[in-house]
Amino acid sequence: MRLLVGGYVLISVLTLVAVYLMRDDPALVNDAVWVRGGIVAVTSVVMLGFVAGTSRGRRRSYLRLRIASAIMVAAVVVLASLPGFLPVWMRIEQGVCGLVLTGVVVIANGRHLRSLFTAEQTGAPTDE
């Protein structure tokens, strides 16, 4: 998950760089692109914090990671599918981000990771 979320942060930061470089072309960069790009960059860093906490065994970070990643995938799907909301290039970028986050959702909600945190909660021994 660290690799996936690290990739998500990288994509998000590179997107903001691209937005800045294309800022003078209103067909490629509108207000929605600036806002969405900024929000995605900030949330990617927040997700990195959740992954770090999860890797340290923090239940609340794990729960936040599960909830936030699922919400973010849903937001990507909705916002990227709104007609005329984002330019094509950013829809593609959002699609890539959505795929990366889907990987996080699958891993975070997988049996193995859930069992580690369930075992921790019940006091049962873990496989560590």
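Tutor: What follows starts with the whole chain and then turns to one pair of helices and the core. The model is predicted, so local features need pLDDT of at least 70 and side-chain atom pairs count only at pLDDT 80 or more, while totals for chains, interfaces and linings use all residues. Residues are numbered from 1 along each chain as its sequence is written, and side-chain values use heavy atoms, with hydrogens and water left out.

The protein has five helices and zero strands; helices (H or I, at least four residues) and strands (E, at least two) are DSSP runs, numbered from the N terminus. The C-alpha atoms fill a box of roughly 60 × 25 × 20 Å along the principal axes. Of the 128 residues, 34% count as buried, meaning under 20% relative accessible area with a 1.4 Å probe and protein chains only.

The pair to look at is α2 (31-55) and α4 (88-108). Two packed helices are described by the angle between their axes and the distance between the axes. Here the axes come within 12 Å and cross at roughly 20°; axes are lines fitted to C-alpha atoms, for helices over the stretch in contact, and angles run from 0 to 180 degrees between N-to-C directions. α2 and α4 are therefore roughly parallel, the term for angles under 35 degrees. Their crossing is left-handed: the near helix is turned anticlockwise from the far one by less than a right angle.

In the contact (heavy atoms within 4.5 Å), Val33, Arg36, Gly37, Val40 and Met47 of α2 meet Trp89, Met90, Gln94, Leu101 and Val104 of α4. By class, this contact has seven nonpolar, two polar and one charged residues. Ala, Val, Leu, Ile, Met, Phe, Trp, Tyr, Cys and Pro count as nonpolar, Asp, Glu, Lys and Arg as charged, and the others, Gly among them, as polar.

Met47 and Leu101 are also among the residues with the most contacts inside the largest nonpolar core, which has 15 residues. A nonpolar core is a set of buried Ala, Val, Leu, Ile, Met, Phe, Trp, Tyr and Cys residues joined through side-chain atoms within 4.5 Å. Its largest share, five residues, comes from α4. Apart from this core lies another, of six residues, including Val33 and Met90.

Tyr8 belongs to the 15-residue core. Leaving aside neighbours within four places in sequence, Tyr8 is in contact with residues including Val40, Met47 and Leu101.

Conventions
Buried < 20%, exposed > 50% of the residue type's maximum accessible area, 1.4 Å probe, protein only. Parallel < 35°, antiparallel > 145°, perpendicular 65-115°, else oblique.
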